[in-house]
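Please look over the notes below alongside the model.

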Amino acid sequence: MIPTLMPTYGRSDIAFERGEGVYLYATDGRRYLDFAAGIAVNSLGHAHPHLVKALQDQAARLWHTSNMYTIPEQQRLADRLVGASFADTVFFCNSGVEAIEGGIKLCRRYHHAGGNPGKWRIVTFDGAFHGRSLAALAAANNPKYLDGFGPKVDGFDQVAFNNMNEVRNAIGDDTAAILIEPVQGEGGIRTADIEFMRALRKVCDEFGLLLFLDEVQCGMGRTGKLFAHEWADIRPDVVASAKGIGSGFPLGAILATEDAARGMKPGVHGTTYGGNQLAMTVGNAVMDVMLAGGFMEHVREMGESLRGRLEAIVRMFPEIFKGVRGAGLILGLECVPTVADLVGVLRGQGLLTVPAGENVMRILPPLIVQQTHIDEAARILETVAANWKSKS
Ligand SMILES: *Cc1c(COP(=O)(O)O)cnc(C)c1O
């Protein structure tokens, strides 16, 4: 008999009932160090007092009115995101895949508005993940996720990650945009080279294409800058954001330049829930913390410290770990044993991590992580690695 909860996940049977900072507490009273952060979502950890207060106050006042009316909190968050980024304009939605789907529409609409409706295809990359809508699945082109869902949505041409020759060869008269994650999350913490990101900007300028970045996982401070593309010092045309932007409240955003958004007029795109008072209040509270002086420096400092500890662990246990990938606090440990097995044993020892592609373990602590938490995580990793042989 089918479970009443549709069985689309193979879940652990641990249930958490409370969180505080980087710790989660299960119903059996056990404490876990959360270096998964709800898959890079809980950017400010659990039960952050500033976020809790903001949400509680707003919850007692007003939840939702729809986008038929002015939402001052939405205007404020858009102004702040524009002020802190490349963007001139922002559309709010509820999730990463909505930001991707809307961004794809924006790219096609851009060329339509410019008198080139024949430009509608998008160049994408192997190892990508863009979410679970039909278009996002076609963009990522992962056979595992596409299987059984009928004809693949047309309009995506996939090439090898970090391969400029393949990008150039894939561009045709019908190309509208290039879509890439500056750091692939699900694909295994694969980082686009800085020079590759710059070359993508150039090739987009050369052919009149939009550079559309999926920063759903690697953006909002994860790499130690508000957006990962800032490390390459380039200006994208469109960025999809979600995950860390709401620190656990469902929130996504499409950020765009004025030119890229030229096709977006009243009635062209919409959402019922997107940008409602609850989400915007939390989004603004997240920005209060992230824009405060020293926040990004803290992320970079903790990232360097964690990376150093992981590299030492790789040297100590070469039969368990092969290398470290990533940037800031979006790090990956290349595993020798099956990553899912390692993640399971670490969980049993009180450390939460996330499996990814290429047998890589994602290490994604809340950005408010402190040195003591990094030391604690490193000790658990060392203990599990040292005892691995006897376990397997
Ligand atoms: C998680 C993720 C998405 C999809 O976000 P949802 O909120 O699950 O729809 C898209 N792109 C990337 C890079 C992601 O990590």
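1. The C-alpha centres of domain 1 and domain 2 are 28 Å apart. Domain 1 consists of 16–34 + 294–391, and domain 2 covers 50–290; these bounds come from an automatic or database domain assignment. The contact between them (heavy atoms within 4.5 Å) takes 21 residues from domain 1 and 20 residues from domain 2.

2. A word on the basis. This is a predicted model, in which local features need pLDDT of at least 70 and side-chain atom pairs count only at pLDDT 80 or more, while totals for chains, interfaces and linings use all residues. Residues are numbered from 1 along each chain as its sequence is written, and side-chain values use heavy atoms, with hydrogens and water left out.

3. Overall dimensions: the protein's radius of gyration is 21 Å, which agrees with the value near 21 Å for a compact globule of 392 residues. That radius is taken over C-alpha atoms, and the globule rule is 2.2 Å times the number of residues to the power 0.38. Along the principal axes, the C-alpha atoms fill a box of roughly 65 × 55 × 55 Å.

4. Of the 392 residues, 53% count as buried. Buried means under 20% relative accessible area, exposed over 50%, and partly exposed in between (1.4 Å probe, protein chains only).

5. Among contacts with a separation of 6 or more, 73% join residues 24 or more positions apart. The protein has 13 helices and 17 strands, which are DSSP runs numbered from the N terminus (helices H or I, at least four residues; strands E, at least two).

6. The largest nonpolar core has 84 residues, and Val-167, Ile-178, Leu-200, Phe-321, Met-361 and Leu-381 are those with the most contacts inside it. Both domain 1 and domain 2 supply at least three residues to this core. A second, separate core has 26 residues, including Ile-122, Ala-176, Ile-254 and Ala-260. A nonpolar core here is a set of buried Ala, Val, Leu, Ile, Met, Phe, Trp, Tyr and Cys residues joined through side-chain atoms within 4.5 Å.

7. Beyond four places in sequence, the contacts of Ile-178 include Ile-122, Val-167, Leu-200, Cys-204 and Phe-212.

8. Helix α12 (residues 371–386) reaches 22 Å from its first C-alpha to its last over 16 residues, close to the expected 22 Å; the expected span is 1.5 Å times one less than the number of residues. Its buried residues include His-373 and Glu-376, along with Ile-380, Leu-381 and Val-384.

9. Arg-190 sits in strand β9 (residues 190–191). With a relative accessible area of 18%, Arg-190 is buried. Among the residues that Arg-190 touches, beyond four places in sequence, are Asp-126, Phe-161, Arg-325 and Glu-358.

10. Glu-358 lies in the loop between β16 (354–356) and β17 (360–363) and is partly exposed at 47% relative accessibility. Its phi is near 60°, a positive value in a residue other than glycine. Ala-47, in the loop between α1 (37–40) and α2 (49–59), also has a positive phi, near 55°.

11. Asp-174 is in the loop between α7 (164–170) and β7 (175–180), partly exposed with a relative accessible area of 30%. Asp-174 touches Gly-118, Lys-119, Trp-120 and Arg-121, leaving aside residues up to four places away in sequence.
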